[in-house]
Every structure is written in C-alpha cells, then in structure tokens.
Amino acid sequence: MSLKDKIIENKLPSHIAIIMDGNGRWAALQGKQRVYGHENGVESVRSVIESAGEIGIKYLTLYAFSTENWGRPQDEINALMGLLVESIANETENLKENKVKLRVIGDVKSLPLEVQKKLEWSINELKDSPGLNLTIALSYSARWEITEAIKNIAIQVKEGLIDPDEITDELISKNLTTADLPDPELLIRTSGENRISNFLLWQIAYSELYFTSKLWPDFRGEDLFEAICNYQNRERRFGKTSQQLVS
Ligand code: IPE
Ligand code: IPE
Ligand code: MG
C-alpha cells in the first residue's frame, strides 16, 4: 500500500515548501562531481511536482538557488544555471500537461539573461494552467526579500501613501514576493541539515518543520507522502492549549 492511501484528504496542507538539499553529497557518495548530483536532482523535482499535483496540493515552493549560493565556485554556478535553462526547456511541456502554473521568487535580475528569458517563456506558456501553483526560489533569500519589503513600505510612507500606524502583519506579508501565496503549513528539508538557510523566514512563523536525512536526488513522491502523513499526525496549536482545540 502506498502512503498516498493514508493521506487524509480534508487535512492536506495547501502550501508545501521544500529546501532541496544534498545533491553534492549524493554525487560524492558515488565518486562523482557535484554537478552529477544536481542533474539527478531534476528527477526528484519532477516526481515531487507530479505527486503533489496528484493529491491536490495547491501550492508548492522549491528552494533551488539561494543568494548565498552565488558564493560557490563559478564552475558550479555555471553548471547550475545551464541545468536550469535545460530543465525549463525540457520540462515545460510536461508541466503544461500536468496543469502546473509557474512563478519565480527571488532577485531574478541577478540571473544570467538566458535564464531570465527561458523563465519568462515558461511562465507565459503555463500562465493559464488551472492546477498546482509551482514557485521556484532562485537567487532568493528571506533577508533579501524582507529588506526589499521594508524599502518598499518606507517609500510608501515617505510619499504619504500610508501612515506608520497602518503597517501591520498583513501589510508586511503583502509586500513580500509571496504576497498572493498562503503561508506554508509544511516545510521540508532534505539531507539531514536541521536549518532554514535563509528561506521564507517570515512565512514559516507557524509552519510545521519536517527534516529528513534523505539526500535530494533520492527523494521521490512517496517521501513527500510520508512527510504529509507525518504532518497530519501533528497538533497545530497556534499558541492555544490542546483542550481549546478540542472544544
Ligand atoms: C542543493 O544541494 C542544491 C543547491 C543548493 C543548489 P547542494 O549542492 O547544497 O548539496 P550538498 O548540500 O553540498 O550536498
Ligand atoms: C540551501 O542549501 C539552499 C538551497 C537548497 C537552494 P545550501 O546547501 O546552500 O545551505 P547551507 O549552506 O548548507 O545552509
Ligand atoms: Mg547543501
């Protein structure tokens, strides 16, 4: 029996975010270069997108390249950017068939022009898809995003468009790159690292965190189902007592 059958339909998280980590270590374990791990990670991305769509997840956000990843060796960055262009070109048709809509969050302008163009093309191809909302975080970091939001709000205050008293939790959310996405109920990180690495800091205030030692290229739809089952067995209290939730 697949874990899929254990998933409770009316308790599905609407938004799942994933820190896809461990490609380099996966490659090293087979005596290969890090890039080999990134290449194999694409299959995991495909599997997770299809599986998420299959069970009716509405939003899936994947952390693919962080602001800090620009500090990696240039060879690896070039390989990752090349792989990105190739994957978008190869996968867009399949994404369309799976009714997936695409968006990107992050400092897109810092990406090579070729990547920007391919992304634009793919986003346009998929703009009418009615299914899963896929968000890829590229050249993204939460501190970058929050800094941008603060600048934006400061400008609006300066121009007299809003009063400082009107700065609320909601207004801050509306100024983030994820403005029209719900906060993720579930955040998954692979590779055994128990950290957030500058991902969605504001949005995960009350997310359930799920860490698995599986390296990203080994992660498949079934692992996603396992994470969802684990999530469904938790009690989300939001500061209240257990008793309050029952009554
Ligand atoms: C995740 O795998 C992919 C990116 C960060 C781009 P890593 O490349 O971080 O692999 P490890 O963590 O070094 O094994
Ligand atoms: C986090 O992975 C970023 C992505 C998965 C894109 P890293 O491998 O860059 O994170 P750290 O440096 O180990 O925290
Ligand atoms: Mg890593």
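## Burial and overall form

Of the 247 residues in the protein, 45% are buried, where buried means under 20% relative accessible area, exposed means over 50% and partly exposed lies in between, with a 1.4 Å probe and protein chains only. This is a predicted model, in which local features need pLDDT of at least 70, side-chain atom pairs count only at pLDDT 80 or more, and totals for chains, interfaces and linings use all residues. Residues are numbered from 1 along each chain as its sequence is written, chains are lettered from A and ligands numbered from 1 in the order in which they are written, and side-chain values use heavy atoms, with hydrogens and water left out.

A compact globule of 247 residues would have a radius of gyration near 18 Å, and the 19 Å of the protein agrees with this; the radius is taken over C-alpha atoms, and the globule rule is 2.2 Å times the number of residues to the power 0.38. Along the principal axes, the C-alpha atoms fill a box of roughly 55 × 45 × 35 Å. The accessible surface comes to about 13200 Å², of which carbon and sulfur atoms hold 49%, as computed by the Shrake-Rupley method with a 1.4 Å probe.

## Order of helices and strands

The protein has eight helices and six strands, which are DSSP runs numbered from the N terminus (helices are H or I with at least four residues, strands are E with at least two). Along the sequence they follow the pattern β-α-α-β-α-β-α-β-α-α-β-β-α-α. Contact means heavy atoms within 4.5 Å, and among contacts between residues at least 6 apart in sequence, 78% join residues at least 24 apart.

Helix 2 covers residues 34-55, and its 22 residues should span 32 Å at 1.5 Å a residue, which agrees with the 32 Å between its end C-alpha atoms; the expected span is 1.5 Å times one less than the number of residues. Its buried residues include Gly 37, His 38, Gly 41, Val 42, Ser 44, Val 45 and Val 48. An α-helix has 3.6 residues a turn, so residues three or four places apart point the same way.

The buried residues of helix 2 pack against strand 1 (15-19), helix 1 (23-29), strand 2 (59-66), helix 3 (74-97), strand 4 (133-140) and helix 7 (221-232). In helix 1 is Asn 23, which counts as buried because its relative accessibility is 12%. Leaving aside neighbours within four places in sequence, Asn 23 is in contact with Arg 34, Gly 37, His 38, Gly 41, Trp 216 and Pro 217. Helix 2 is followed by Gly 56, whose phi is positive, near 90°.

## Residues in the loops

Most residues other than glycine have a negative phi. Ser 191, although not a glycine, has a positive phi of about 85°; it is in the loop between strand 5 and strand 6 (208-211), and its relative accessible area of 6% makes it buried. Phe 238 is not a glycine either, and has a positive phi of about 50°. Phe 238 lies in the loop between helix 7 and helix 8 (242-246) and, with a relative accessible area of 44%, is partly exposed.

Asp 183 is found in the loop between helix 6 (169-174) and strand 5 (186-189), where its relative accessible area of 42% makes it partly exposed. Not counting residues up to four places away in sequence, Asp 183 touches His 15 and Gln 203. Asp 183 and Trp 202, which are 19 residues apart in sequence, are 8.8 Å apart in space from C-alpha to C-alpha.
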